[in-house]
Every structure is written in structure tokens, then in C-alpha cells.
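Student: I have not seen this structure before. Could you take me through it by question and answer?

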Amino acid sequence: VRPDAAARRAADNDGVDSAANSVNVTINPTLVLPFTDDFNDGNANGWVTVDDGIENASNWNVPTTFYTQTVATNNFGKDVDETYRRGTYAYYADSVNLTDYRFSVDVTARAASADDVGVMFRYVDDDNYYRVAMNSESGSSRLESKVGGTFITLARDFRGYMPGEVTQNIVVEVEGPLIQVFVNGNPAFAATASDHLSGGIGLYNRDGVRYDNVSVTTNGTGP
């Protein structure tokens with residue numbers, strides 16, 4: 001409905017707006033914190049999945065009490081921008097207007113997986129977000145920013161993740177331009193960047209992985 005048409009319908013015969021006929025529309029509401037999702041309800045309501053330039057379609061589902069993606073989406077290097085890998089991800093739609101927050105999630109790659117797993121934060125759209133990508137095969141992790149469709153590396157290390165269905169807790173804290181990343185309670189990355197000062201949370205991978213115990217809180221409220 002066009003705003004001018006809605007306004008005309010909201011007016012009564014005397015030209016006075018009628019509250020009974022008004023229409024309220026909320027677009028991208030801000031998520032109320034604290035927010036948690038342990039998937040114990042058996043669904044992934046609110047999560048939106050995206051396949052980013054891959055040929056092998058992803059398969060996201062909640063089989064029991066966790067959120068999983070079961071397909072190896074990698075395509076022999078065809079889904080790579082220079083050294084940056086595309087894959088599949090799920091973002092929480094109502095989180096896209098968040099600014100400063102603490103995002104925590106438990107991530108478990110399947111036993112046979114060695115490809116990218118990670119998280120996204122301050123997600124705006126498919127061309128603009130931050131991402132932590134961890135790879136077991138290369139034994140490396142990167143803190144990345146995607147701006148206008150182009151990736152840049154903010155920080156990198158050579159720790160990767162433990163293969164063999166080992167659960168790892170990833171925590172991201174963002175406040176203004178400051179970004180801090182922790183893995184299993186240990187500092188992994190710290191950087192400052194002003195590419196994205198608001199945006200939501202996401203779960204990223206290129207192979208079979210489970211996600212559980214998602215939480216988003218204000219800074220300083222988590223363990």
C-alpha cells in the first residue's frame with residue numbers, strides 16, 4: 001500500500017485521521033537482548049539461509065536440538081574470490097539493526113570435515129559484513145570484512161580448528177570500531193574497523209557442521 005493511499009483511507013468524512021483505520025508496518029525490528037536460541041524447540045524460525053555462489057545446494061535443518069548444515073558446498077575452487085571462500089550461511093533476520101553486542105555460539109564440524117566453518121556479525125546484506133572463517137585443512141583462521149562485495153583481511157592466524165567433531169565456542173564482541181574474537185575462552189583476534197557499525201549475526205560454513213547455544217547479549221554480560 002502506498003503511503004498516500006493509506007493516508008486517504010485513514011481519513012473520515014470530516015477529513016480527520018481515524019486511528020481505527022491506521023496501518024502500522026515494522027520493517028527489520030531490532031532484536032531485544034538478551035537473545036538465545038538452543039534449537040530445543042525443533043525449529044530454526046527467524047533464521048534465513050543463503051547459498052553464496054555455490055553449485056552444491058546446502059541443506060540446513062534442525063534434526064533434534066541443534067542447527068545443522070549437512071552438505072559439502074565447496075566446488076573445487078570455483079567458489080573462491082582470490083583466497084576468500086564463498087559458501088552457505090544462515091543469518092537471524094531480526095538482528096540486522098543491532099550495533100554493539102556479544103555473540104556466542106557452539107560450533108561442531110563433522111568428523112570428515114576440514115573446510116571452512118565460522119560466524120558472521122554486523123551482517124547487513126550479502127555484500128557487507130564481518131566474518132570469522134576457520135579452516136582445519138590449512139590450519140588457519142581469518143577475521144575478514146566484506147565491503148561492497150569485496151573481501152579484505154583484518155587479521156589472520158595459523159590455528160584453524162580441531163577436526164573430529166570437537167565442539168568449539170566462538171565469541172565475538174563488537175563495540176564501536178573495536179572487534180574482539182575468542183575461541184574456547186582464549187583471545188583469537190582483536191582489530192579496529194569502521195566498515196560496518198551495525199548489523200546482525202550469522203552462521204557460516206562450507207561443509208557439514210552443527211551450531212548450538214546461540215546467544216546475543218549486551219557487552220559485559222556473558223561469561
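This is a predicted model: local features need pLDDT of at least 70, side-chain atom pairs count only at pLDDT 80 or more; totals for chains, interfaces and linings use all residues.

Tutor: Residues are numbered from 1 along each chain as its sequence is written, and side-chain values use heavy atoms, with hydrogens and water left out.

Student: How many helices and strands does the chain have?

Tutor: Helices (H or I, at least four residues) and strands (E, at least two) are DSSP runs, numbered from the N terminus. By that count, the chain has 1 helix and 17 strands.

Student: What share of the residues is buried?

Tutor: Buried means under 20% relative accessible area, exposed means over 50%, and partly exposed lies in between, with a 1.4 Å probe and protein chains only. The chain has 223 residues, and the buried part of them is 46%.

Student: Among contacts between residues at least 6 apart in sequence, what share joins residues at least 24 apart?

Tutor: A contact means heavy atoms within 4.5 Å. Of the contacts in the chain between residues at least 6 apart, those joining residues at least 24 apart make up 64%.

Student: Over how many bridges do β13 and β14 pair?

Tutor: Two strands pair if DSSP finds at least two bridges between them. Strand β13 covers residues 167-175, and strand β14 covers residues 178-183. Glutamate 173 has glutamine 180 in β14 as its bridge partner. The two strands run in the antiparallel sense, and the number of bridges is 6.

Student: Which glycine takes a positive phi in the hairpin of β13 and β14?

Tutor: That hairpin has 2 residues between the strands. The phi in question is near 60 degrees, and the residue is glycine 176.

Student: Which residue of β13 stands opposite serine 104?

Tutor: Strand β8 (residues 101-109) pairs with β13 in the antiparallel sense over 8 bridges. Opposite serine 104 stands valine 171.

Student: Which strand gives the most to the lining of the largest pocket?

Tutor: A pocket is found on a 1 Å grid over the protein atoms alone: it is an open set of points where a 1.4 Å probe fits, with protein on both sides within 12 Å along at least five of seven lines, and lining residues have an atom within 4 Å of a point. The lining here has 13 residues, with Met134, Arg159, Gly160, Gln168 and Val183 nearest the centre. Both β10 (128-135) and β15 (186-192) supply at least two residues each. The strand that gives the most, with 4 residues, is β15.

Student: How many residues of that lining are charged?

Tutor: Ala, Val, Leu, Ile, Met, Phe, Trp, Tyr, Cys and Pro count as nonpolar, Asp, Glu, Lys and Arg as charged, and the others, Gly among them, as polar. The lining divides into 6 nonpolar and 5 polar residues, and the charged ones number 2.

Student: Is lysine 146 buried or exposed?

Tutor: Lysine 146 is in strand β11 (residues 140-147). Beyond four places in sequence, lysine 146 touches residues including Asp52, Tyr129, Phe151 and His196. Because its relative accessibility is 3%, lysine 146 counts as buried.

Student: Which residue's backbone oxygen does the side chain of lysine 146 reach?

Tutor: A polar contact is a pair of N or O atoms within 3.5 Å; within protein, one must be able to donate a hydrogen and the other to accept it, and residues adjacent in sequence count only if both atoms are side-chain atoms. The distance here is 3.0 Å, and the residue is aspartate 126.

Student: What is the relative accessible area of arginine 122?

Tutor: Arginine 122 is found in strand β9 (residues 117-125). Although not a glycine, arginine 122 has a positive phi of about 50 degrees. Arginine 122 is buried, and its relative accessible area is 0%.

Student: Where does asparagine 184 lie?

Tutor: Asparagine 184 also has a positive phi, near 55 degrees, in a residue other than glycine. With a relative accessible area of 44%, asparagine 184 is partly exposed. Its place is the loop between β14 and β15.

Student: Which peptide bond is cis?

Tutor: Proline 34 lies in the loop between α1 (3-10) and β1 (35-37). Omega is near 5 degrees for the bond from leucine 33 to proline 34.
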